[in-house]
Amino acid sequence: MLMLGLVAVGTLAANGAARLRFAALAFFGVALAAQLIAGPATSVWQATLSATAALVCAAILFIAARDGRYGEEPGWRLWVATIVAAGTTAAAFAFLRTTSGEDVHLTPLGEDPSGLIRQAAAFWLLSSGVAILLTARGAVRGSLGALLMLTGTQILVLLVPGPQLALALMLAWLQVVVALAGAFLILNERALRET
Amino acid sequence: MTAPIVLLGVGALVAFAIRKRVMIAGPFTVAALLAAVVFVASLDVGTTTDFLGLQFRLSPLAQLAAAVLLLSILALVLVVWIDEPAYNFFPTALAAGAAVLAILTLVSPIAIYGALILALLVPVGSFTFQVHRNRSYEAAFRHFSFVVLGGCLGLSALALSGSLPRDQPPATFVLLLAIIVVAFALKLAAIPFHTHAALLAMEVPATALALYFGVLVPATFIAFAEILTLSGLLPAIIQIAKVQDLLLALGALSALGGAFLATGSTELRRVVAYSVIANLGQALIGIATLSGAGIVGAIAITLVTGAGATQQLLAAGALERRSGPDQPSATAAPLAALAFVIGGFAMIGAPPLVAFPGHFFVELIAFSYSGALGTALVLSTLGILIAQLRAAIAIFRVAPDHWRVESRPVAGVVGTLLFLALLLGGMQPDGFLRPIAAFADEFIRALRPL
């Protein structure tokens, strides 16, 4: 539960950040909290891999900003994205939550055997990412939305039985490629703005 | 089986390091692609291998599609190396080749989806071009947004469908399947999700556009068919007719809308882009019929359309470069103009090219499904025919005083070779259709598991 709160607060901080470097740091916080939500369900290698990918992505965005002031003022987009994300999360949870009927035990810290907290965090990140991406004016918020969506997707993929380490490796690469493509677009956007 | 993927992946890193030395990076990229094609062609069908628990398998369709798509990338690299130096393209081509090969050989639906998103994101770097003078940044950003949006939603829906217990209410599966279908429609630029493709068609370099429409869009379609087969979701589609209706509606809308937009286009690139969208609409209908003939036709249309799009977009790029600010004309590059026109035969599925059986199968099965659907496909083909004829007339509106082949006629030569390959395929369709039929067999078995 505590990690779910951290994910929510971190997402709001990233969404509200007017400077790219703050958004990059907030994204790193969100990605770490999302890893911790999975808890003992993931191996040490998997967690290290995902945390490293998140760090690399945050570093790529941090460097792409080139100075501490560069970014995109969210303005009304912050509120629209937050309201849409909250509504969509609730709807997704109502429609897609498992109906296996098992007893659900929630604790502030500790395991999440029913997967309820992980699903809630994933839906929240996906909804926030979609809302940020759809309301973005340019690559700064577009890249942030893309990375948040991918973090939510990562949590859901962890719930699927299968070769988890290979999938974690693939998603880590995917995250880095999204960050690189985003950074490339941010640099181009800046070149356009400054001429 | 992973060796050619690793070869292309490592090759992409090396090409990135040496990309500014075009005369070294060009031949290096060609050599790496040729080595990968030879490697894949020399492997026995059915070869499997494991990497960290992920299984790779070389199916007959994977071998055929890998050869077609990697050779298309090779044609693009040759044009970039010899005629249109763009140093970003070499690492992009190799990375896209590695991702396409992974899509074709992976067996896990989630891994296929991940490789597909990687493949579609790689060209973003080669889309942006002279950002102060055109809207290529905006086109690249829109493509990035569409791919990430469709990619993450589709991957999440796939992961959820794999993790939820099977005793879910039907509405849950309808929703998940609808999300997966719409996510693919976003990535395939199916109408009404085509706005990013329309902008790309106008603003990005012709070779990057050919990489997208000629290689990555067909790879996306094959990935869609593979994911449906491997995910175990097909029986749910049969039980819930709504998803099949959604696929049919998207296919019909794309087939008719793409053809309509193509007839109204005056630019060569748009004619090609909308013709591809119309043909993919026809292919979607083929898949949606859930029949053997429909699936064979759909995959055949997709592969041939990719080859035709590569041929036409390369020719359109050569014509634009040589005509300068004027309208593209055959007087500036007669061989490229000829390549564009004969590429149109592949787009309309004219016999005796290998493009014909795919269109024939899908139209036949569409008529047996419903008269309206079959008529829609015939109208779509007629629309593409009119668009291609208009484009050909526009290119040849001024007769050259004397026919002289342009200097460095790479696009023209590549186009002519592709046409000859399609002609040879048409004379021996068995070699082309048999691997696709093997996949259709797997699809039908997955549809009705014992």
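Reader: Where is the place of B:Arg408 in chain B?
Author: This is a predicted model: local features need pLDDT of at least 70, side-chain atom pairs count only at pLDDT 80 or more, and totals for chains, interfaces and linings use all residues. Residues are numbered from 1 along each chain as its sequence is written, while chains are lettered from A and ligands numbered from 1 in the order in which they are written. Helices (H or I, at least four residues) and strands (E, at least two) are DSSP runs, numbered from the N terminus. B:Arg408 sits in the loop between helix H17 (371-395) and helix H18 (410-427) of chain B.

Reader: What is the phi of B:Arg408?
Author: Most residues other than glycine have a negative phi. B:Arg408 is not a glycine, yet its phi is positive, about 45 degrees.

Reader: Does B:Arg408 count as buried, exposed or partly exposed?
Author: A residue is buried if 20 or more other C-beta atoms lie within 10 Å of its own, exposed if 12 or fewer, and partly exposed in between, with C-beta atoms placed from the backbone. B:Arg408 has 15 C-beta neighbours inside 10 Å, so it counts as partly exposed.

Reader: And B:Leu52, buried or exposed?
Author: B:Leu52 lies in the loop between strand E1 (48-51) and strand E2 (54-57) of chain B. Its phi is also positive, near 50 degrees. With 12 C-beta neighbours inside 10 Å, B:Leu52 counts as exposed.

Reader: What is omega for the peptide bond from B:Ile191 to B:Pro192?
Author: Most peptide bonds are trans. B:Pro192 is in the loop between H8 and helix H9 (195-203) of chain B. The bond from B:Ile191 to B:Pro192 is cis, with omega near 15 degrees.

Reader: What is omega for the bond that joins B:Pro351 and B:Pro352?
Author: B:Pro352 lies in the loop between helix H15 (334-348) and helix H16 (355-369) of chain B. The bond is cis, and omega is about 5 degrees.

Reader: How far does helix H8 of chain B reach from its first C-alpha to its last?
Author: H8(B) covers residues 170-188 and has 19 residues. The expected span is 1.5 Å times one less than the number of residues. That gives an expected 27 Å, and H8(B) comes close to it, reaching 27 Å.

Reader: At what angle do the axes of H7(B) and H8(B) cross?
Author: Axes are lines fitted to C-alpha atoms, for helices over the stretch in contact, and angles run from 0 to 180 degrees between N-to-C directions. The two axes come within 8 Å and cross at roughly 155 degrees.

Reader: Which residues does B:Ser156 touch?
Author: B:Ser156 is in helix H7 of chain B. It is buried, with 29 other C-beta atoms within 10 Å. Two residues are in contact if their C-beta atoms, placed from the backbone, lie within 7 Å. Not counting residues up to four places away in sequence, B:Ser156 touches A:Leu126, A:Gly152, A:Thr153 and A:Leu156.

Reader: Which helix supplies the largest share of the side of chain A that touches chain B?
Author: In total, 40 residues of chain A are in contact with 37 residues of chain B. Helices H4 (76-96), H5 (116-135), H6 (139-158) and H7 (164-193) of chain A each supply at least two residues of that side of chain A. The largest share, 17 residues, comes from H7(A).
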